[in-house]
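Reader: I am new to this structure and would like to learn how its features are read. Could you take me through them one at a time?

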Amino acid sequence: MWLENHNLKKYNTFGFDVSARYFVEPDSVVDVKKAVAEAHRLKVPIFVLGGGSNVLFTKNIDGIVVKPAMKDLDVLKRSETQVWVTVGAGVVWDHLVEWCVANNWGGLENLSHIPGTAGAAPVQNIGAYGAEIKDVVQSVEGFYLETLESFTFSRSECAFGYRSSIFKTDLYGKVIITRVTFALSATPRIETRYGQIEEYLKNQPDRSIQSVRRAIISIRTQKLPDPEKMGNAGSFFKNPVVPESVALHIKESYPQIPLYESESGYYKLPAAFLIEKAGWKGVRRGDVGVHTDQPLVLVAFTGATGAQIVSLSQEIQESVKDQFGVWLEPEVNIL
Ligand code: EPU
């Protein structure tokens with residue numbers, strides 16, 4: 001059913017009060033295609049929405065918002081060592097993780113508690129606590145908006161990178177993802193390189209993917225604000241990847257900055273560190289601000305608008321640029 005002038009407050013984790021000229025939540029691929037064909041007939045632009053946890057609405061959407069609602073979860077096949085799990089794009093990401101962990105299928109547990117939907121997860125190759133979905137994606141299915149032609153991309157065809165994929169680059173705005181298939185481990189090994197996980201496990205009776213999931217949920221709830229209580233979209237910026245010379249130059253003045261190795265000759269810098277050292281941690285500007293515990297997260301208080309967040313983010317970008325010579329790129333999609 002098409003809704004007109006539909007309010008999107010509930011559909012974006014910043015909680016911005018904007019509306020869509022049309023809104024539809026189709027629960028089958030056939031119906032998603034019908035909605036897209038109808039949008040073509042009406043000549044209105046199409047915006048695909050997942051959980052709304054990585055978008056920043058700055059104005060009303062003068063087009064149709066399509067929110068795929070295929071919510072099936074299935075085991076496709078099994079071997080002794082692997083389980084292939086396939087899910088509709090509308091499945092809530094953490095429901096998928098919870099289901100896999102409960103069945104002792106390993107690979108997604110470090111990605112526990114990330115907001116959003118399964119269909120949106122490959123777009124920015126969601127990652128946290130030493131894991132990225134690129135390590136377990138088997139294939140991504142969808143179709144091209146213009147021609148309605150279906151595709152199935154293998155993991156390598158998705159061209160995954162740090163918070164990136166072909167869906168965020170060459171195919172941005174050109175496709176809808178309808179299904180994702182994961183190759184998980186039937187004999188899971190836990191990934192605990194991120195220091196705080198080990199700390200948490202010290203006080204646990206076992207070392208299992210179930211306890212890793214508990215660790216991640218505990219770490220995330222301590223560090224990241226709950227969108228139900230304070231509007232936010234997780235990390236607002238990406239961690240910048242800079243040439244070694246730039247990283248070492250910054251380290252001379254700030255010896256305590258941790259550097260993470262990236263592709264050869266490059267380092268990933270913690271944006272949170274740069275933002276904190278530029279004096280932004282916990283700063284509030286009217287109805288928006290920088291989170292007190294994790295400065296990579298921008299927060300929206302009651303009455304805030306997308307434009308206020310954009311303006312705060314620009315001030316931060318300029319000041320980090322002035323102090324460190326590094327430009328922070330937004331991770332969030334600004335619409
Ligand atoms: N840091 C500070 N001050 C702070 C917080 C952090 O200086 O107040 C520095 C510390 O040096 C710390 C470093 O930043 O060692 C890294 O911090 P953290 O481990 O919290 O991770 P992050 O790099 O800030 C990334 C992801 C998060 C993900 C965490 C955990 C990006 C853009 N963000 O944040 O993802 O949960 O790692 O793996 O890569 C998201 O994408 O929305 C998101 C929350």
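Author: Let us begin with two of the domains: the C-alpha centres of domain 1 and domain 3 lie 29 Å apart, with domain bounds coming from an automatic or database domain assignment. This is a predicted model, in which local features need pLDDT of at least 70 and side-chain atom pairs count only at pLDDT 80 or more, while totals for chains, interfaces and linings use all residues. Residues are numbered from 1 along each chain as its sequence is written, and side-chain values use heavy atoms, with hydrogens and water left out.

Reader: How many residues does each domain bring to the contact?

Author: Contact means heavy atoms within 4.5 Å, and here 9 residues come from domain 1 and 17 residues from domain 3.

Reader: How is the size of such an interface given?

Author: Often it is given as the accessible area lost when the parts come together. With a 1.4 Å probe and summed over both parts, domain 1 and domain 3 bury about 1000 Å² between them, 64% of it on carbon and sulfur atoms. Of the area that domain 1 buries against domain 3, Phe14, Asn54 and Leu56 supply 57%, more than any other three residues.

Reader: How many salt bridges are counted between domain 1 and domain 3?

Author: A salt bridge is a side-chain nitrogen of Lys or Arg within 4 Å of a carboxyl oxygen of Asp or Glu, and the count between domain 1 and domain 3 is 0.

Reader: Which residues are closest to the ligand?

Author: Taking a residue as near if one of its heavy atoms lies within 4 Å, 24 residues surround the ligand, and the closest are Tyr129, Arg163, Tyr194, Glu276 and Lys281.

Conventions: Buried area is the accessible area (1.4 Å probe) that two parts lose on being put together, summed over both.
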